[in-house]
Amino acid sequence: MSKLRWSVLMVVSTVVACSGSSSPPSGADESDASTGQTSDDGGSGASSSGATQGGSSGGGTTSGGTGSTSSGSSGSSSGSGSTKDAGSTGVVMTTGSGPVIPAASGTCPTLATGTITVMGQSVQMFVGTKQEKAAPILFYWHGTGSTSGEVQAFMSSEITEITGEGGVVASFSTSTAMGQDTGDAVWYTGDFAMADQILACAVKQLNIDTRQIYSAGCSAGGLQTVAMLFARSNYLAAAMPNSGGEAFAGEFPLEGKHVPALVTTHGAMGTDMVVIDFATASATADTDVVSKGGFAVDCNHGGGHCGAPAVDVAAQWQFCKDHPFGVSPEPYAKGLPSSFPSYCTIIK
C-alpha cells in the first residue's frame, strides 16, 4: 500500500505543495539568511559509540549512557524537573527518563546563522547566542517545489523567539534520498540522520534544552514531520505539521516507548488536497498517536493547502512548548488554552 502511494505521488512531484494562501514567496532560497557555509565530514548516520551530553529542562540532569536507538545513537538524558513557560499553562512539569541524544558523527560543523553542509546537503540555520538558560531546537521540512526559506514565511515570529533564547532552527534544503520515501520523493527517512548530527552538535556547542526538541513542516514536509515523530520518538518532544499526516496508521514504526505529542493543522476535507486529502491524513496521524498512548490536538482552519493562519502556527508552537519530553501531568487535561482557535480540538 505504501509503495503504491509513493508511486502515485511521484506523478505530481513538480506540483508546488505550499500553494495555499500562506505559501512562501516565490524564489525564496537559502540566501535569505545565509552568511557563509561550513561543512562537516560526518558519515551517513550517528555513531553507535560515545555519548553526547546536554542540559535537560528544569532540575533534570543529563548523563551519557550505553543505551542505543535504531538511529545508531548513544547516551541518554535522565531526571525530572519543571520548566516555566510564557503560555497560559504556567509551570510545565516533566518526569522520567529524558531523551536519548545521538552522538556526533565525525567533526561537527560550526553552528551559526547561515548555511552549513550535513551529509552533503545544505541546511539553512538560524542560531542564537549561547545563554545560561537552556533553549529549544526546531527542525523544519519544506513542501514540494519549495525551499528551506519557507520556514521564514510560516514561522518568522517563532524563529525570532527561539534564536532570542539561544536556540536553533534548522531548515533542510535537499534530501539524501536514503531510506523510505515519506512523500512524493522530496524527503526520506534517511534524512533524519541529518537532524541527528545537527542535534548532537548543537548540544555540544550551545545550551540546548534536550527536552524541547521539535519538528515542523508543510505538505511533503508535513508528512516528513509526522514520520520523524515516530522514527525519532526517543528524542522528539512534539511535532507541528501544517497540512501533513500519515497515509495510514502504523505507516512508520515507533522508535521506542515514548510517544511525542502532536498538533496538526489543515484545511477542509476535499479542499486541502494534493493527490491525498491532508485533512484525512492529519486525522489518521492524530488517532495513531492517541492509540499509542500519546496526546494530540487537531486544528481544522477550513482553508486550503498549507493555508494555516498565523494564529494556528502560534497555537501549534505554544502546544510544543507546553509539551516537553516527558511532560506530566498533561497540561491540557482540562481543555485547550483560551488563545487557541475555537476550531482546535483534543483528540480522544
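**Entry 1: Cys-108 and Cys-201**

I looked up Cys-108 and Cys-201 first, and both are buried (under 20% relative accessible area; over 50% is exposed, and partly exposed lies in between, with a 1.4 Å probe and protein chains only). The model is a predicted one, where local features need pLDDT of at least 70, side-chain atom pairs count only at pLDDT 80 or more, and totals for chains, interfaces and linings use all residues. Residues are numbered from 1 along each chain as its sequence is written, and side-chain values use heavy atoms, with hydrogens and water left out.

I then searched the whole structure for disulfides and found three; the term stands for a pair of cysteine sulfur atoms within 2.5 Å. One of them joins Cys-108 to Cys-201, with 2.1 Å from S to S. I read -85° about the S-S bond, a left-handed link. Cys-108 sits in the loop between strand E5 (91-94) and strand E6 (114-118), and Cys-201 sits in helix H3 (residues 192-205), so this pair ties together parts 93 residues apart in sequence. Helices (H or I, at least four residues) and strands (E, at least two) are DSSP runs, numbered from the N terminus.

**Entry 2: Cys-218 and Cys-306**

I went on to the disulfide of Cys-218 and Cys-306, where the sulfur atoms are 2.0 Å apart. The link is right-handed, with 105° about the S-S bond. It connects distant parts of the chain, 88 residues apart: Cys-218 is in strand E10 (residues 208-218), and Cys-306 is in the loop between strand E15 (296-300) and H6. Why does Cys-218 count as buried? I noted that its relative accessibility is 0%, and therefore Cys-218 counts as buried. Cys-306 is also buried, because its relative accessible area is 0%.

**Entry 3: Cys-299 and Cys-344**

Here I found a disulfide between Cys-299 and Cys-344, with 2.0 Å between the sulfur atoms. I read 115° about the S-S bond, which is a right-handed link. Cys-299 belongs to strand E15 and Cys-344 to strand E16 (residues 344-346), so the pair ties together parts 45 residues apart in sequence. Both Cys-299 and Cys-344 are buried.

I also checked Cys-320, which counts as buried because its relative accessibility is 0%.

**Entry 4: the chain as a whole**

I listed six helices and 16 strands in the protein chain. The chain has 348 residues, and 60% of them count as buried. It exposes about 12,300 Å², of which carbon and sulfur atoms supply 53%; the areas come from the Shrake-Rupley method with a 1.4 Å probe, and for residues only the protein chains shown count as cover.

I next took the contacts (heavy atoms within 4.5 Å). Among those between residues at least 6 apart in sequence, 73% join residues at least 24 apart.

**Entry 5: H2 against H6**

Which residues of H2 meet H6? I found Phe-154, Met-155, Glu-158, Glu-161 and Ile-162 in H2 against Val-313, Ala-314, Trp-317 and Lys-321 in H6. By class, this contact has six nonpolar, no polar and three charged residues. Ala, Val, Leu, Ile, Met, Phe, Trp, Tyr, Cys and Pro count as nonpolar, Asp, Glu, Lys and Arg as charged, and the others, Gly among them, as polar.

Helix H2 covers residues 150-164 and helix H6 residues 310-321; their axes come within 9 Å and cross at roughly 35°. The axes are lines fitted to C-alpha atoms, for helices over the stretch in contact, and angles run from 0 to 180 degrees between N-to-C directions.

**Entry 6: Gln-131**

I placed Gln-131 in the loop between strand E7 (121-127) and strand E8 (135-141). Gln-131 is partly exposed, because its relative accessible area is 35%. Leaving out residues up to four places away in sequence, Gln-131 touches Gly-164, Glu-165, Gly-166 and Asn-207. Gln-131 and Asn-207 are 76 residues apart in sequence, with 6.5 Å from C-alpha to C-alpha.

**Entry 7: backbone checks**

Most residues other than glycine have a negative phi, and most peptide bonds are trans. I noted a cis peptide bond between Ser-328 and Pro-329, with omega about 5°. Pro-329 is in the loop between H6 and E16.

Met-119 is not a glycine, yet has a positive phi of about 55°. Met-119 lies in the loop between E6 and E7 and counts as buried, because its relative accessibility is 15%. Ala-185, not a glycine either, has a positive phi of about 60°. I found Ala-185 in the loop between strand E9 (168-172) and H3. Ala-185 is partly exposed, with a relative accessible area of 30%.
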